[in-house]
Amino acid sequence: MIDNHAIPIIDLFAGPGGLGEGFMQIADRRGRRAFRIALSIEMDQFAHRTLTLRSFFRQFPIGDVPDDYYRYVRGDRSVPTQEALFERHAAAGEAASREAWRATLGVTPASEVSSRVSAALKGRRKSDPWVLIGGPP
């Protein structure tokens, strides 16, 4: 579920997503998230896996994350893999996979990066704000 009121963030060199998580803790006057991660880019496979799982978590309203998520992170065999979790909650899994992109900046063609950023910001007017964050190595 996309928060249209929230300011989108493009997170480069995202790692497991700590900087983005900080932004996600900021609420507006109505108690809604003030920001939303539109796209996170990370090259490391293990950091990307965490990044994608946290993106999955954020696909749900605050306080309405499915119990399957907590079963998975506790290592409960009823949800044996991240892939199984994403299959059980397909829309959230697909959104998380779109949001967290495994790519290597400087190696991945700039046109592909530009295209993904544009797609993540689609529907916004040029005058609408968005934020670029990153933790360069």
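Trainee: Which residue in strand 2 is the bridge partner of Ile10?

Mentor: Leu39 is the bridge partner of Ile10 in strand 2. Keep in mind that this is a predicted model. Strand 1 and strand 2 pair in the parallel sense, over 5 bridges. Elsewhere along the pair, Ile7 stands opposite Phe35 in strand 2.

Trainee: How many bridges join strand 1 to strand 4, and in which sense do they run?

Mentor: Strand 1, residues 7-12, is joined to strand 4 by 4 bridges, and the two run parallel. One of the residues involved is Leu12, whose bridge partner in strand 4 is Gly134.

Trainee: In what order do the strands of the sheet come?

Mentor: The order is 3-2-1-4, in an open sheet of 4 strands with parallel pairing. Strand 3 (100-102) and strand 4 (131-134) are the edges; each has a single partner strand, so one side of each has no neighbour in the sheet. From one strand to the next, the twist averages 20 degrees.

Trainee: How should I think about side chains along a strand, and are strands 1 and 2 buried or exposed?

Mentor: As a general idea, side chains in a regular strand alternate between the two faces of the sheet. Here, 5 of the 6 residues of strand 1 are buried, so strand 1 is largely enclosed by the rest of the structure. Strand 2 is mostly covered, with 8 of its 8 residues buried.

Trainee: Which helix lies across strand 1, strand 2 and strand 3?

Mentor: Helix 6, residues 110-120, lies across these strands. Relative to strand 2 (35-42), helix 6 runs at about 165 degrees.

Trainee: What describes two packed helices?

Mentor: The angle between their axes and the distance between the axes. Take helix 2 (residues 45-58) and helix 3 (residues 67-74): their axes come within 11 Å and cross at roughly 155 degrees. That makes helix 2 roughly antiparallel to helix 3, since an angle over 145 degrees counts as such. The crossing of helix 2 past helix 3 is left-handed.

Trainee: Which residues meet there?

Mentor: From helix 2 come Arg49, Leu53, Arg54, Phe56 and Phe57, and they meet Tyr69, Tyr70, Tyr72 and Val73 of helix 3. By class, this contact has 7 nonpolar, no polar and 2 charged residues.

Trainee: Why does Gly93 count as buried?

Mentor: Gly93 has 4% relative accessibility, and the cut-off for buried is under 20%. For a sense of span, Gly93 and Lys126 are 33 residues apart along the chain, and their C-alpha atoms are separated by 29 Å.

Trainee: Where is Phe13 found?

Mentor: Phe13 is found in the loop between strand 1 and helix 1 (18-24). Its relative accessible area is 34%, so Phe13 is partly exposed.

Terms used:
Residues are numbered from 1 along each chain as its sequence is written. This is a predicted model: local features need pLDDT of at least 70, side-chain atom pairs count only at pLDDT 80 or more; totals for chains, interfaces and linings use all residues. Side-chain values use heavy atoms; hydrogens and water are left out. Axes are lines fitted to C-alpha atoms, for helices over the stretch in contact, and angles run from 0 to 180 degrees between N-to-C directions. Angles under 35 degrees count as roughly parallel, over 145 as roughly antiparallel, 65 to 115 as roughly perpendicular and the rest as oblique. A crossing is left-handed if the near helix is turned anticlockwise from the far one by less than a right angle, and right-handed if clockwise. Contact means heavy atoms within 4.5 Å. Ala, Val, Leu, Ile, Met, Phe, Trp, Tyr, Cys and Pro count as nonpolar, Asp, Glu, Lys and Arg as charged, and the others, Gly among them, as polar. Two strands pair if DSSP finds at least two bridges between them. Buried means under 20% relative accessible area, exposed over 50%, partly exposed in between (1.4 Å probe, protein chains only).
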